[in-house]
Amino acid sequence: MILGSRIKSCIGSWSENILEYFLRNNQITTEDGAEIIWYHAANHKAQVNEALKSTAHMIEADVLLPSDGSEYSQPIMAHPPETNSDNTLQEWLTEVIKSNKGIKLDFKSLAAVEPSMMLLENVKRHLKRPVWINADILPGPNGNSMVVDAKPFIDTVTSFFPDVTFSLGWTTGWHPEKVNEGYSWTMVKEMEYICKELNQPVTFPVRAALVRQSCSQLLWLLKKSNRYSLTIWTGKNDNYSTEDLLCIRDFFDKKQVFYDILEPQNHEFKQAIGVKVNL
């Protein structure tokens, strides 16, 4: 396999580059990851309704199995520490397939993956759009959450959908009172070791407050294949500046970085780079 060769994704496939998809649908104007608008944590029914009415291009949501532990449990939409929801994945998909929005599903445990893939398989013919499947598969800076075991996660998803887009990240933490280390060389090399064997596009979700101190490592990682991209995300209480985001903008190719960030930084950042903000 030649590293750096991009698989030319079929139009409407789950691995189609999201910039190409939304350009083709006249929803963005240039191949710039900052133009993509995200709706984060669209888990409960009210949030899904809001997301579907919004200008968001991509809807992100979290999938887990409910806390009752029944072997017949259906995957539900909730982010830990929540363990229950008013929304199942099946109900979520029924609503989302009525739109043309892209999908990112985030898995915090392996147990929810296979039953979720079965539900996705049932609606695949209605999903002619990018679908990203996300899990944190490696420990990262200050990370103390459980990782999802990489091999069974990737193998399970690929056995159902070889043309999906993977979003593969590190568990992280951020502490306001101390110096926060970034993504180390060991961390990025371990990720590349896993991903170099894949054929699918892979985006690496990275925490905004930790990127500036990791630019060399992340640049190295992205240069390993043009199947790779970054998705910048933020913790609710993280302390980082618009300047940090502009630094990322200067260092990386605009086509290879997406920004799923919270307000007010999202608005300030997009104003600073001249990207129209839809309110």
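**Salt bridges in the model**

Mentor: R212 has a relative accessibility of 42% and counts as partly exposed; buried means under 20% relative accessible area, exposed over 50%, and partly exposed in between, with a 1.4 Å probe and protein chains only. This is a predicted model, in which local features need pLDDT of at least 70 and side-chain atom pairs count only at pLDDT 80 or more, while totals for chains, interfaces and linings use all residues. Residues are numbered from 1 along each chain as its sequence is written, and side-chain values use heavy atoms, with hydrogens and water left out.

R212 forms a salt bridge with D244, with the closest N and O atoms 2.7 Å apart. R212 is in the loop between α7 (208-211) and α8 (215-223) and D244 is in helix α9, so the pair ties together parts 32 residues apart in sequence. Helices (H or I, at least four residues) and strands (E, at least two) are DSSP runs, numbered from the N terminus. D244 counts as buried at 15% relative accessibility.

A salt bridge here is a side-chain nitrogen of Lys or Arg within 4 Å of a carboxyl oxygen of Asp or Glu. The structure holds eleven salt bridges. One of them joins E31 and K255, at 3.8 Å between the closest N and O atoms. This pair links distant parts of the chain, 224 residues apart: E31 lies in the loop between α1 (18-24) and β1 (38-39), and K255 in the loop between α9 (242-251) and β9 (257-260). E31 is partly exposed at 30%, and K255 is partly exposed at 44%.

D106 and K108 also meet in a salt bridge, 2.7 Å from N to O. D106 is buried at 9%, whereas K108 is partly exposed at 31%. Together with D62, D106 and K108 are linked in a network of salt bridges.
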